[in-house]
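I opened the notebook to look up a pocket, some charged pairs and a surface patch. The entries follow in the order I made them.

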Amino acid sequence: MSEVFEGYERQYCEVSASLSRKCTAASALDGEKKRQRLSEIQSGVEEAESLIRKMDLEARSLQPSVKAGLLAKLREYKSDLNNLKSELKRISAPNARQATREELLESGMADTLVASTDQRGRLMMTTERLNQSTDRIKESRRTMFETEELGVSILQDLHQQRQSLLHAHTTVCVLP
């Protein structure tokens, strides 16, 4: 596994744990202290998003055998972050009913985004395989044309040699 990814992962886990503690503490607060804590949580969420983007870039730059496992971890971290965002909205919303409604709507969107990301990954892999197959077909066609040209050249040489032999045969047969 990549040391860079592991570093980002450690940082993310620390930030995530800190955000969970802050969310729990903020739900019990009121007024200005709550707004200040919510501001801290929001900046922590932005930092966590940044770390996830960095982990995603690092994971996608690695070997396919390692990449799959790291991307699975990354999906879990994204889900965890979405839960933290939902908790932040629930805490910061003045109306609990409205917060619950938004949370339900966003959870459906999160599932759609995860599915979309998975589909995009499969589509990219399929496109890569298709491009590789296309390259192999082009190379095969090029080899086929070269072989055909070589065959035509050999047939022309053989035809010239036949003509030479026939001419020599008629010349030898006419002289006696």
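How do the residues of the lining of the second largest pocket divide into nonpolar, polar and charged? I noted first that this is a predicted model. The lining has 6 nonpolar, 3 polar and 8 charged residues.

I then looked up the volume of the second largest pocket, which is about 570 Å³. Its lining has 17 residues, and Arg 60, Lys 67, Leu 71, Gly 121 and Met 125 are the closest to its centre. Helix H3 (64-92) and H4 are the elements that each give two or more residues to this lining. H4 gives the most, with 9 residues.

Next I turned to charges. Side chains of opposite charge can pair when their charged atoms come close. I found a count of 9 salt bridges.

One of them joins Glu 49 and Lys 85, with the closest N and O atoms 2.4 Å apart. Glu 49 is in helix H2 and Lys 85 in helix H3, so this pair ties together parts 36 residues apart in sequence.

Another joins Arg 142 and Glu 146, at 2.3 Å from N to O. These two are 4 residues apart in helix H4, so about one helical turn separates them.

Glu 40 also forms a salt bridge with Arg 37, at 3.6 Å between the closest N and O atoms. Lys 22, Arg 37 and Glu 40 are linked in a network of salt bridges.

Last, I looked at the surface. Leu 150, Ile 154, Leu 155 and Leu 158 form a nonpolar patch there, with about 400 Å² of accessible area together. Leu 158 is in helix H4 (residues 96-174). I put Leu 158 down as partly exposed because its relative accessibility is 48%.

Terms used: Residues are numbered from 1 along each chain as its sequence is written. This is a predicted model: local features need pLDDT of at least 70, side-chain atom pairs count only at pLDDT 80 or more; totals for chains, interfaces and linings use all residues. Side-chain values use heavy atoms; hydrogens and water are left out. Patches are made of residues with over 30% relative accessible area and no salt bridge: like charges are joined within 9 Å, nonpolar side chains (Val, Leu, Ile, Met, Phe, Trp, Tyr) within 5 Å. Accessible areas come from the Shrake-Rupley method with a 1.4 Å probe; for residues, only the protein chains shown count as cover. A salt bridge is a side-chain nitrogen of Lys or Arg within 4 Å of a carboxyl oxygen of Asp or Glu. Buried means under 20% relative accessible area, exposed over 50%, partly exposed in between (1.4 Å probe, protein chains only). On a 1 Å grid over the protein atoms alone, a cavity is a set of points where a 1.4 Å probe fits but cannot get out, and a pocket is an open set with protein on both sides within 12 Å along at least five of seven lines; lining residues have an atom within 4 Å of a point. Grid points are joined across faces, edges and corners, and a volume is the space filled by probe spheres set on the points. Ala, Val, Leu, Ile, Met, Phe, Trp, Tyr, Cys and Pro count as nonpolar, Asp, Glu, Lys and Arg as charged, and the others, Gly among them, as polar.
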